[in-house]
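I opened a new notebook page for this structure. My notes below go topic by topic.

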Amino acid sequence: MRWWLAEGLHTDVALRKNVKQIADLGFGAAEFLAMPEEGADDAVYGWGSEEWTHDSRLVIEEATARGLGFSLTSGTHWATANLPDTYIWDGAKFDYDNKAASKELDYATVLLDAGERFEGALPRAVKPSQSAHSTENVFEGVVAAKLTRPRPGSGQDHEYREGTGTGELVFGSLTDLSGQVVRDGDEYSLTWTAPDDGQYALFVYWMHGTGETFEPSASLNYTINYVDRYGIDALKDYWEAHVLTPELKKRIRQNGRGEIYMDSLELASYGAAGVLWGYHFKEQFRSRRGYDVTPYLPLISWDKTRHDSTTPPPFDYAVTQDSDAARVQKIRNDVNQTFSELYEENVLKPLQEWLHGLHMTLRAEPSYGMVYEISTPAKYLDGVETETFAHNGDLDVYRGMLGSAHMYGRPFSSETGAVYGRNYYYDMDYWTRIAYLQFAGGVNRTVLHGYSAIEGSEADTYWPGHEGMYSFFSERFGGRQPASLMYPEWTEMLGRNQKILRQGKPRRDIAILRTDNAFISYGQPTAPAENSYFMNDKPYFWRDLSLQHAGYTYDYFSPQLLDDKENVTWTRGELQPDGPGYRAVILYQDSLELSAAKRLLQIAKSGLPVLFVNNTSEIRSHEGPPIAYKKAAATTRFAQDSETELSEVVALTKALPNVAEVDRQSDVLATLQKLGVEPLVAYTKPNDKIMTISRLDEKENVLYTFVYSFKFEKNKGEGPSTVGLSIAARGKPYTIDDWTGDVDPLGTYDVRDGRTCIELSLKPGEAELIALDLDDRARGVHAVTTTADRVVETGDRLSVLATRSGTYTTTLSNGRTVRTQVRVPDPVPLDRWDLVVQDWNEGDRVVTTETKFGHETKEVYYTTKKTELRFPDSTLMPWKDLPATDAQLAQLAGENPSMAHVSGVGTYETTFRLPRDWNAHNGAYLRIGSTNGDQARVLVNGRKAPGLDLRTLQVDISDLLRPGKVNTITVTVATTLTNRMLQRGYSTSGGPQNYGMTGDVSIVPYTVTDVPRG
C-alpha cells in the first residue's frame, strides 16, 4: 500500500494507529513517502527534518512489530532520488553545482553566413530559470554544421537561443572544432571562418546542473546525478550519516522485507539540448562505442527530456539526405545505449549492492519516460514494477517489462489505482477486475495507489480525511471508505492469487526479441484501462493477434539479455529453462545487436526454434505513424557493428533446420506448429476474450494456470462464454476459489494425446484458478462431460450437482454414458427485506497535539457521522430510489437532502424456510442479482458465509442452513463515497451511482446425486 504522509506532521499516535489499520485491513506492506502539506512548515516537517526522520523510523518500527514490510523512496516526493542542499558532499554544498547533482547538456547557437568569420569568446547557453544562478559551466565542445534550414528563433539575434521546430543540416558537414578552442580562465575562444557554400552554424555545448528540485524538504532537495557514479555515492553517504542509525539498521534486519522503491523516472532537463549529461559521458561513450560523440551532438538534442508516447521524439535537427538517416539513427541508438548502461551500472547496480548489505532490496519502475532500454535494468533490480497510470493496464505494454522480470526471476509488481479525475469513484468490483487484469498480464504483487491517514494539518484536512496525494488522482483506500469493512476478505482474495502466481517458475511459450529506448508510457488516447488499446484488440508491438487467440503466451525483451552469460541459459527445447522456459524465439525489428546475433546463433544451433518475421510494424507513439520494418534483423543496431558480419551470422542462423523466415505475421502461427511449438495452454477454438498465465511448481509437481475473461467493460452485459483449454501435461485438474480458498477437483475433463482438456464458463471480468496435479496421472474413471451444472468428486464418489429437476447425461472416461434423474426443490425468492441504510457524512472535528523536538504539532481529523435510515419490508431497488420520508431526509446533511446523496453501508435482513422436500442430498446457493459493483458480506443464522465472489455473486450456504426451521439471512453491502462526495461538491467524474442489492435474489437449492463409475 502506497502511503502518502503529511510530511513529518503526523503524531506518533496517528502513525501507530494507521500502521495498525493497514495491517488489520489485510495489506502486506507500507510504501511511504513525503508529500507537500499545506499549512506544514517544511523546515520543521519536510523530508530530512528531525520530524520526518523520526516518523520514518517509527513507521518501520511499527511495521516490523506487526509483520508488515516497508518501502522507502530514495528522496522526498516520489519522482527522483534527491538530497537536501544542507548536505555537504565532497566538500561542497549539495545544489545544482555539486558534481553529484543532476547535470544537463545545454547549448548556444551562432548562425554564420557563407564565408563569414567568427572570432572571439564562445557564447554561453542561456540558462533556464531552474539553474540561472548556478556558477558551473563545463565546456563540452563546439561543432560546426552546414544548415539547409535553421531553427526559427535561433542564433545571436535571439540571445544565442536554440530556436523552435526541427531544423535541417548536412550530415557530412558536421565538424568538431573543440580542438581549435583556446581557453583563458573561464573564457573559451575560437577563430573560424564558415565555408562559402551556404549558411553554417556553430553549436557551443556546455554542461551545468539541471536545478531540478522536489519538495517537501527541510531545505531544498536536488535530484542526484543519474549519469555519473557520484549521485549514488552521495545518496549512500547521506543515508549512512543522517538516516540509518545502528538501531534502525537493526530494525531493518529484523523486518527482512525492507525496500528502497524508485518510482517512474521523472527526471527533467530544462536546457536547450533536453539531454541529461555527466562529467564522464563523452569518455564513457568513446570507450564503449569506439568513437567520439561530440560531432554528432546537434543530432541528439531535442525539445523534451522525457518520452510521453504522444508524439515521435522532436529532435532539434534532422539530416537533409535520406541516405544519412540510417547512420543518424545508429548514432542515436549508441547514445541511448550508453545512457542505459550508465543508468544501470552507476545507479542501479551500486544502489542494489548497498541495499543488500543492509538486508534490503531494490524495486523500481525502470527506464520508461527516458531513453533507457526498458528490459536490461532488471538484472540490477530485485523487483520490476509497472503502473496503471503510465501504462493504462495495457497487457501488451506489460509484456515489454514482464519479459525481463521473467528472465531474471524477479517479482513483477504494479502501482495500481492511479486514475486521473476518479478519486472516490470506483467500486470494489472495478478494482477486482483491474487486479485480475494485471494478474493475467503477469503481475504477482499489487501495490495499491494509495492510502493516507485521515489526520493532517489544519489548513489541508477536510472530511472524509487528509488527502496526501493530489485530490485529482485516485484512490484513498482505508477506513474512511465504507468498503473498508470488506477489505480483509478482498485483500485475502488478492493474496491467494498472488501467492499462486509466485509459486515455482513462470511458464511462457515464446520470447519476442525487441529493443526499446522509448517505451510506451503516458498519453494513451483511450484511457482508462477498460478502454485501452489492448481491450480494443490493438496491440502496440506484435500486431498480429492470432497467436494470442490460439493461447500462446509471449513476452518481449531486448536481444541484449542473451549476452548475459552469467544468468541466461538454454537447452534444446527451452530458453531459460529454470525460468519462463520459452520454446521459441521471434525477431521482427529490422535492427539487431551483433553480439546478440552471435549468441542467438549458438542458441539456435542447440535446436531451439527461431523465427525471423518480415514486413511488420509497431506503434511507438499515439499520434505518429506506425514504425514499419521490411526485413527482420537486416541491419546492425549500433554504428560500429559490422553489417557484413551481422549478415553472415544471420545467414548461418537461417540455414538451420529449426529456423524459419516468413514474410507475413499471419504465417507465424502455422510455422510455429510446423516446428512443433504448441501453446502450453492452448484454446480449443480461437478466443479473443481470454488470457492465461501459468506457473510450474516443480517441488509439488503442480501446474497453476490463471484464466481471465479480460474484456470486462467492452463485453459488459454479455452472458458467460465457454472456453476450452488444452493443457500440455497429463494430470488431475482442480479449481481454487480465490475468495474462499476451497480447492475442489474439476468434475469434468478429458485427457487426449498427453494433454489435459477442460472447459470453463466465464462471465466478462470473471477469473478461474486451475491447479493441475501432475503426480495424479488421471488414470482412474472420471467424468468427461455432463449436462448437469457440474460433477462433484468426493473421495471415490462421483456425483452430479443440479439446480433444476431433470434427467442429466454424464459421459465417463471409460466410454460409458450415464443418465441420472435428479429432483431439486424449488428456488426460494427473497423479495422483501428489512433494510437499514447507514449514511456516512462529516462528523466532529478533532484536534490533537504533540510536543517534541522543542515545538508543538497540531493535527486535525474529522470523525464520520453515521446516520441510520430504516426501510422495513422493502423491495429491492437502488438506494437513491428508496421512499424516504421527510423526517428521514431531514436527518441528512446539505441543501435539498436526497437519498441520491447517500453513501455508506446497507444491511439487509430477511427470513425464509427451506422447502418441505429438503433432504440430506440437498444444498443451496444464495444468488444475488446485483450489488451494483459493491462488495457484500453474507451471514446465515448469524454465521458468516464464505467470501462472496463479486463476479458471480453466488455463494454456497449449505452448511449454515437449518432445515425445518426459520432461517435468517443478512447481507451487508458497503458502497463507494461517490454520491456523498458529489453532494459535497468534490470533483470526481460521473454522476450518482446506484447502490445496494438490486435484481432477483433467491435461495437456489441443488441436489447431489451419485453417478456409478461402472
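I looked up the salt bridges and found 65 in the structure. The term means a side-chain nitrogen of Lys or Arg within 4 Å of a carboxyl oxygen of Asp or Glu. The model is predicted, so local features need pLDDT of at least 70 and side-chain atom pairs pLDDT 80 or more, while totals for chains, interfaces and linings use all residues. Residues are numbered from 1 along each chain as its sequence is written, and side-chain values use heavy atoms, with hydrogens and water left out.

**Salt bridges, one by one**

I checked K852 and D12 and found their side chains in a salt bridge, 3.4 Å from N to O. K852 belongs to strand 51 (residues 833-852) and D12 to helix 1 (residues 12-24), so this pair ties together parts 840 residues apart in sequence. Helices (H or I, at least four residues) and strands (E, at least two) are DSSP runs, numbered from the N terminus. Both K852 and D12 are buried. Buried means under 20% relative accessible area, exposed over 50%, and partly exposed in between, with a 1.4 Å probe and protein chains only.

Next I took R433 and E713, whose side chains meet at 3.7 Å, N to O. R433 sits in helix 10 (residues 428-440), and E713 in the loop between strand 38 (702-709) and strand 39 (721-727), 280 residues apart. Are the two buried or exposed? R433 is buried, at 8% relative accessible area. E713 is partly exposed, at 31%.

I also noted E467 and R476, with their closest N and O atoms 3.0 Å apart in a salt bridge. Both E467 and R476 are buried. A network of salt bridges links R2, E31, E259, D263, R363, E385, E415 and R445.

**Helix 4**

I turned to helix 4, residues 230-242. Its 13 residues reach 18 Å from first C-alpha to last, close to the 18 Å expected at 1.5 Å a residue. That expected span is 1.5 Å times one less than the number of residues. Among its buried residues are I232, L235, Y238 and W239. The buried residues of helix 4 pack against several elements, including strand 3 (69-73), strand 19 (258-262) and helix 7 (325-357). Contact here means heavy atoms within 4.5 Å.

Last, I looked at an open, antiparallel sheet of three strands in the order 8-15-14. Strands count as paired if DSSP finds at least two bridges between them. Strand 8 (117-121) and strand 14 (182-184) are at the edges with a single partner strand each, so one side of each has no neighbour in the sheet. Five bridges join strand 8 to strand 15 (residues 187-193). In strand 15, W192 is the bridge partner of F118.
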